[in-house]
Amino acid sequence: MTLASFIIQLLNGLAAAASLFLVSAGLSLIFGVTRIVNFAHGSLYMLGLYGAYSLIEFFGRTPLGFWGAVALSALAVGLVGVLIEVLVLRRIYRAPELFQLLATFAIVLVIKDIALFTWGAEDLVGPRAPGLTMAVEIMGRRIPAYDLLLIAIGPVVLGAIWLLLTRTRWGALVRAATQDREMVGALGVDQAKLFTSVFFVGSVLAGLGGALQIPREPANLELDLAIIADAFVVTVVGGLGSIGGAFLAAIIIGVAKAFCIGIGTVTWFGFEISFSKLTLVVEFLIMALVLVVRPYGLLGKPQAAQRAASEPAPPLQVPSWTFALVWLALLAIVPLVADRYATILLTDIVCFALFSVSLHFIMGPAGMVSFGHAAYFGIGAYAAGLLLKRFGLPMEAALLLAPVIAGLFAIVYGWFCVRLSGVYLAMLTLAFAQISWSIVFQWDSVTGGSNGVFGVWPAAWLADKTVYYYMALVLCGAGIVFLWLVLFSPFGYALRAGRDSPLRAEAIGIDLRGFQWAAFVLVGAMAGLAGAVYAFSKGSISPSSISIAQSTDGLIMVLLGGVETLTGPVVGAAIFTWLRDVVARNTEFWRAVMGGVILLIVLLFPQGLVGGLKLLVTRWREQRA
Amino acid sequence: MLGVKDLHAFYGRAHILHGISLEAHAGEVVALLGRNGAGKSTAMKAIMGLVPPARGEVSFAGQRIERLPPYRIARLGLGYVPEERRIFTELSVMENLEVGRQAARSGVPLWTEEKLFKLFPNLARMRERPGGRMSGGEQQMLTIARTLMGNPSCVLLDEPSEGLAPIIVEEMANSIRALKGEGVSVILCEQNLHFALGVADRAYIIEKGQIRFGGSMAELAANDSLREQYLSV
């Protein structure tokens with residue numbers, strides 16, 4: 001690489017870092033004060049891009065029209081953020097944090113469909129910035145003038161945020177609330193207003209980050225989850241709540257990506273290494289590396305213990321054997337009375353139930369929230385498919401080996417993850433899922449790349465849908481019961497003790513980290529089993545089985561049913577899968593409907609469906625007593 | 001000024017306050033005495049709305065406040081100084097004071113940074129120091145000063161003498177007398193009877209979430225058996 005191309009890639013990276021920084025700074029601000037991991041932040045970025053596109057069309061492609069559109073779009077997105085805070089999040093600040101997360105997933109779904117409805121499914125390519133379409137010659141290469149402007153905007157915004165935070169009363173309140181929001185309230189500060197204003201500023205930053213990208217990137221519907229993953233990585237690498245850290249991390253990641261593209265394919269010692277393929281994964285590699293060395297990010301500090309945290313989870317209630325047997329009997333009868341379609345749908349539900357129960361095991365009783373549980377589901381699915389197609393193993397062997405392979409991956413991923421806790425842990429699980437996804441997505445010769453693997457059909461004796469359903473029911477049901485039994489074994493008690501009080505658990509001699517690692521491997525294998533059963537029922541596997549969307553689906557299932565109950569995740573999986581099927585068959589905008597339903601449930605049953613029903617039953621009994 | 005009637009409060013499922021009643025008049029210093037775990041801090045948090053009262057009445061400045069959120073209560077002029085101080089460690093002394101600032105209130109002393117620095121001269125020498133790099137005594141001064149920035153007519157002071165060097169405790173007592181001199185009512189939780197005797201006009205004794213005694217400091221000082229039963233360790 002010559003010096004000139006080095007400089008060019010550096011500038012490219014810095015230009016890309018600007019928007020990344022804006023989005024991440026907004027996310028970091030919002031998280032700091034409200035403690036909400038706002039999954040909808042990427043959606044706000046996407047709206048900023050779409051908004052700028054439309055406003056430029058409206059105002060005309062003049063410098064004034066362009067910059068007016070960018071500014072107006074950012075402000076409009078700020079108002080959307082205010083709307084989200086006032087209409088949804090404000091009502092559930094007292095709910096468990098994970099439930100707030102569920103609400104932001106729902107908002108992602110709703111915004112995606114609003115964008116689909118308003119702007120359609122086609123990519124929209126925006127104009128270049130009028131007046132800035134020329135290129136500047138640097139060391140014999142031409143750099144778009146707009147990129148140089150972006151490079152300047154990053155530090156300017158950083159300076160503006162810094163001034164706002166350190167030189168104004170609002171800034172002092174925000175920083176104080178980041179540490180102890182209850183005390184800020186006791187000093188007479190209206191938290192609701194403060195939260196709304198923080199949401200406004202954070203959302204404006206997201207919207208501005210999006211709007212500024214309009215000359216560089218077409219507006220499309222995939223941006224929301226793509227950019228939220230990037231923003232998570234940047235905030236975590238920089239250190240949660242550290243705006244300076246976000247700036248540093250955005251630059252590191254922006255530049256690293258640019259270099260991966262710039263280097264292209266290199267031959268080292270006879271091996272062809274494609275660096276451009278690394279672009280999708282390099283940020284996650286950086287994040288994994290940083291978190292192992294500095295568990296709180298580059299400039300972050302250990303998170304202060306949260307005040308006024310929600311109460312510890314109540315003890316789990318064991319479902320009775322009669323209850324379980326009745327349900328099992330009902331599930332066994334269904335194919336005899338229902339049609340083929342219902343049987344196939346039930347097979348899906350059974351797979352997702354095991355997926356959801358395994359996720360619940362790790363995030364509920366084991367206390368380690370995973371944002372990347374699809375990794376194991378997907379690895380299980382791919383392992384099954386590849387063992388069958390590439391290694392020629394019999395289907396039965398592939399099916400049984402798949403969970404083992406998912407477990408092996410969980411051994412590696414888990415080793416890193418159990419070293420962290422809280423949001424950092426969640427982000428690292430997301431990172432591993434994305435690393436897995438990008439390998440699967442790009443390794444065409446083995447995994448089939450974006451097409452996936454086809455012809456993954458079960459053995460002849462299982463080919464019938466009804467027979468396959470029974471096998472799925474037996475395997476996944478056994479997995480679920482096994483996980484539940486483990487929860488009530490000494491191992492399960494130790495995990496729950498570790499979740500409720502890590503220090504005390506270690507003080508009585510529990511090797512918490514080892515136990516958590518083992519739990520990781522266990523649920524990884526079980527999710528892998530679910531993925532393998534699912535793969536053979538569909539006959540094909542696509543990279544979406546390992547995507548962020550798949551991970552969030554799992555979270556929605558668990559949280560919808562209720563993380564504090566044992567049966568909740570099963571109910572959540574059933575309702576989510578069934579509802580999605582019904583809605584998707586009837587409208588193109590199934591996401592908005594799903595999102596709306598989830599929001600309704602979040603606002604009406606902050607304990608999850610099963611938790612909420614239990615509460616109703618208890619109240620009813622108390623009234624009668 | 002402040003009246004509490006039959007106040008009940010829970011922490012999770014634990015019933016902490018079993019119907020306490022007390023009152024404080026304008027310009028009065030009232031001590032709430034009791035052993036560790038008797039319910040003193042919970043009483044203050046329940047009055048302030050930080051632990052929502054399950055039952056009972058709290059009235060302040062002629063208004064019922066038991067259903068109000070803490071910030072509304074603070075804005076009525078009721079100040080709260082927590083036991084753990086809860087200084088904003090990342091913020092400087094001046095910024096900590098800024099967070100506490102509220103608009104002037106009629107009929108109540110108006111506090112400015114400069115006036116507070118006269119009351120707590122130590123703070124004046126460390127205006128730009130982050131709260132996290134102050135000694136316990138300095139933090140205790142700052143947490144009181146921060147609450148005073150809200151121009152309260154009554155201050156709830158949770159264990160102001162706890163964990164402080166004797167000389168600082170004496171300074172603290174002086175500050176409380178100064179507040180009384182300004183006409184600010186003070187309700188303070190204490191385990192340190194000696195400290196309370198030096199500053200308070202009246203006292204209540206709380207034990208297992210119930211008020212066991214209410215009377216003047218002189219009555220309490222004269223009654224050995226009362227002190228033996230509820231306060232001695």
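1. Lys208(B) counts as partly exposed, with 14 C-beta neighbours inside 10 Å. That value sits between the two cut-offs, since a residue is exposed at 12 or fewer and buried at 20 or more. Keep in mind as you read on that this is a predicted model.

2. Where is Lys208(B) in the chain? Look in the loop between β9 (202–207) and β10 (210–216) of chain B. Its backbone deserves a glance too: phi is positive, about 50 degrees, although Lys208(B) is not a glycine.

3. Now try Glu159(B), which is also not a glycine and has a positive phi, near 50 degrees. You'll find Glu159(B) in the loop between β7 (154–158) and α7 (166–182) of chain B.

4. Is Glu159(B) buried or exposed? Glu159(B) is buried, because 22 other C-beta atoms lie within 10 Å and the cut-off for buried is 20 or more.

5. On to the sheet. Four strands of chain B make an open sheet in the order β2-β1-β4-β5, and the pairing is antiparallel. β2 (14–24) and β5 (63–64) of chain B are its edge strands, so each one pairs on one side only. If you're wondering what holds such strands side by side, strands of a sheet pair through backbone hydrogen bonds, either parallel or antiparallel.

6. How many bridges join β1 to β2(B)? There are eight, linking strand β1 (residues 2–11) of chain B to β2(B), and the two run antiparallel.

Methods
Residues numbered from 1 in each chain as written. Chains lettered and ligands numbered in written order. Predicted model: local features only at pLDDT ≥ 70, side-chain atom pairs only at ≥ 80, totals over all residues.
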